[in-house]
Amino acid sequence: MDNNDVVATRRRALQEAIHSGETVMVSPTGQVQLPGESDDPTRPGISVPQGKLA
């Protein structure tokens, strides 16, 4: 898999997580972490309520 495929796959996974209402974490360095990837589960995340995305 080349780098573009990896990036596209990660973006799709992020999109699915947000659309399904899962909490998405953003590390202090700005890296987006999908559910289950966070090394500190106590850190607050971004959660979009169902029906709030256009």
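Analyst: Read from the N terminus, the elements of the protein chain run α-β-β. This is a predicted model.

User: How many helices and strands does the protein chain have?

Analyst: The secondary structure comes to one helix and two strands.

User: How do I read a helix, and what span does α1 reach?

Analyst: An α-helix has 3.6 residues a turn, so residues three or four places apart point the same way. Helix α1 covers residues 3-19, which is 17 residues. From first C-alpha to last it reaches 24 Å, close to the 24 Å expected at 1.5 Å a residue.

User: What happens at the start of α1?

Analyst: Look at D2. One of its side-chain oxygens comes to within 3.1 Å of the backbone nitrogen of N4.

User: Which residue with positive phi follows α1?

Analyst: G21 follows, with phi near 85°.

User: What share of the protein chain is buried?

Analyst: Buried means under 20% relative accessible area. Here 13% of the 54 residues count as buried.

How values were computed:
Residues are numbered from 1 along each chain as its sequence is written. This is a predicted model: local features need pLDDT of at least 70, side-chain atom pairs count only at pLDDT 80 or more; totals for chains, interfaces and linings use all residues. Side-chain values use heavy atoms; hydrogens and water are left out. Helices (H or I, at least four residues) and strands (E, at least two) are DSSP runs, numbered from the N terminus. Buried means under 20% relative accessible area, exposed over 50%, partly exposed in between (1.4 Å probe, protein chains only). The expected span of a helix is 1.5 Å times one less than its number of residues. A polar contact is a pair of N or O atoms within 3.5 Å; within protein, one must be able to donate a hydrogen and the other to accept it, and residues adjacent in sequence count only if both atoms are side-chain atoms.
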